[in-house]
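The sequence and the model are shown below.

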Amino acid sequence: MKESEYRFENVVIDSNGDFMHTLHTGLNNKRPVVLVHGWGGSGMMYYKILKPLSEHFRIYAVDLFGKGGSTRPDYWPKNPQEAIQFFVESFEKWRKVMKLDKFTVVAHSMGAYMMIWHYLKYKRHFDRMLLLSPAGITNPPEGFSFKKWYFEQNIFGKMFYGFNYVTIMSRINFFKYMPSLGPIGIMLIKGYLIKKVKFKASSEEELNIYTEYLKKNLQMPESGHRSVFDLFLPRSFPRLPLEDIMKKEMGDMRIDFIYGENDWNEWQGAYRYAEKAKAPTKVMLLPKAGHHLMLENPDTLAEYIVRDLLDQE
């Protein structure tokens, strides 16, 4: 995108001067669409699909409070309810300042989880929700034993979920130490992007730029990133699952889901919700993608989003 096609704004949301970093792009006379990122990211997670989306919609890519380029207060939630309130109420303040009364939400992972909680409280401001590999929906299987399940995994699964278990139970975000490791840290960040995120860079320069961006993000105060310890259990099951609540409370809100065909995120709850939902609901699988859909297969994802949202107008 050309610089003339977008602008950044630090949207002040309270009398303390706290702000939420926001990218504006697209057509002012078109449908407003708010892009919300997941746990470790920012609005820039969507940078590969901003151009095609901006040709059809008025786009706001917002950094959640305590994440990305937004204000990062020194914050430790005490329980899941406090963590949810932290994100829901700050997003509502941002919405009021932006004077967005009705808009569409496209949200990823933990951001999708928070947008559902926002709707459950405020009900009226979303006209549509498109959730990209949303976290926190599926109920943990009855009688699920992490220990038994862990030892059934292959060596790579044991490494990943062992790291996940230690992170959650110790309440330590080990990613924050990567930038302090110098060249080794850069190598680890690149390895994470290539091997785990399946980041599709068009050039070595693009990979280096995004690696540097992620490094700077990790060097900033943890703040909102600490919420993961109170929101999720090992293997990313939610402490407060949304599956049953959504069946009772979402009413006629139109929600569609997109998961990667190789997604590690739990998707069964979305299918069960779709079967019971009062409004028409689709669950789509994005080919050649896992959890980070917008970085793994951005062109096809943009096509899915545009087609899905325009079909509803």
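## Salt bridges

In this predicted model, the count of salt bridges comes to 18. One of them joins Lys-215 to Glu-212, with 3.5 Å from N to O. These two residues are three apart in helix 7 (residues 204-219), which means about one helical turn separates them. Lys-215 is buried at a relative accessible area of 18%, whereas Glu-212 is partly exposed at 29%.

Asp-256 and Arg-254 form another salt bridge, their closest N and O atoms lying 3.0 Å apart. Both count as buried: Asp-256 has 0% relative accessibility and Arg-254 has 13%.

Lys-282 and Asp-308 meet through their side chains in a salt bridge of 2.9 Å, N to O. Lys-282 belongs to the loop between helix 10 and strand 8, and Asp-308 to helix 12 (residues 298-310), so the pair ties together parts 26 residues apart in sequence. Lys-282 is partly exposed, at 31%, while Asp-308 is buried, at 2%. Through shared partners, salt bridges join Arg-128, Arg-254, Asp-256, Lys-282 and Asp-308 into one network.

## Strands 7 and 8

Strand 7 (residues 255-260) pairs with strand 8 (residues 283-286) in the parallel sense, over four bridges. Ile-258 has Met-284 in strand 8 as its bridge partner. Together with helix 10 (residues 268-276), the two strands make a right-handed β-α-β unit.

## Helix 3

Helix 3 (residues 109-122) has 14 residues and spans 20 Å between its first and last C-alpha, close to the 20 Å expected. Because 12 of the 14 residues are buried, helix 3 is largely enclosed by the rest of the structure. Its buried residues include Met-110, Tyr-113 and Trp-117. Among the elements covering them are strand 3 (32-36), helix 2 (80-98) and strand 5 (103-108). Lys-123, which follows helix 3, has a positive phi near 60 degrees.

Notes
Residues are numbered from 1 along each chain as its sequence is written. This is a predicted model: local features need pLDDT of at least 70, side-chain atom pairs count only at pLDDT 80 or more; totals for chains, interfaces and linings use all residues. Side-chain values use heavy atoms; hydrogens and water are left out. The expected span of a helix is 1.5 Å times one less than its number of residues. Buried means under 20% relative accessible area, exposed over 50%, partly exposed in between (1.4 Å probe, protein chains only). Contact means heavy atoms within 4.5 Å. Two strands pair if DSSP finds at least two bridges between them. A crossover is right-handed if, with the strands pointing away from the viewer, the path from the first strand over the helix to the second runs clockwise. A salt bridge is a side-chain nitrogen of Lys or Arg within 4 Å of a carboxyl oxygen of Asp or Glu.
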